[in-house]
Amino acid sequence: MKQRIQTFLRRFSFRTGIIILALCVPCYIISFAQMALPISAAAKGVLWFVFFGLAKTFQYGGLTILGVDGVKRMKSWWKSKKSNQ
């Protein structure tokens, strides 16, 4: 089952992997920002569980789509962007 999911996710492009990986950031923010809402503790727990789970799913899904070569490509792009400033 794990191998089938990895094979399916690796068919997506580098750009799709970056987008999926970027989706984890808003989910992390929402998972912790909702603690400031005036709702019950049970509802906060459920919201945290859902959004934190989504964030982790996007994070691991994006990394699986990118793979080792994609992560190296992203790091080299980030380093070249920093050196140009």
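Guide: Let me begin with a term: buried means under 20% relative accessible area, exposed means over 50%, and partly exposed lies in between, using a 1.4 Å probe and protein chains only. This is a predicted model, in which local features need pLDDT of at least 70, side-chain atom pairs count only at pLDDT 80 or more, and totals for chains, interfaces and linings use all residues. Residues are numbered from 1 along each chain as its sequence is written, and side-chain values use heavy atoms, leaving out hydrogens and water.

Visitor: Why does G70 count as buried?
Guide: G70 has 4% relative accessibility, which is under 20%, so G70 counts as buried. G70 sits in helix α4, and its C-alpha atom is 9.6 Å from that of S13, 57 residues apart along the chain.

Visitor: What makes α2 oblique to α4?
Guide: Helix α2 (residues 14-22) and helix α4 (residues 41-83) pack at about 130°, with axes 8 Å apart. Angles under 35 degrees are roughly parallel, over 145 roughly antiparallel, 65 to 115 roughly perpendicular and the rest oblique, so α2 is oblique to α4.

Visitor: Why is S31 called buried?
Guide: The relative accessible area of S31 is 0%, so S31 is buried. S31 belongs to helix α3 (residues 24-33).

Visitor: Which residues does S31 touch?
Guide: Leaving aside residues up to four places away in sequence, S31 touches W48, F51 and F52, where contact means heavy atoms within 4.5 Å.

Terms used:
Axes are lines fitted to C-alpha atoms, for helices over the stretch in contact, and angles run from 0 to 180 degrees between N-to-C directions. Helices (H or I, at least four residues) and strands (E, at least two) are DSSP runs, numbered from the N terminus.
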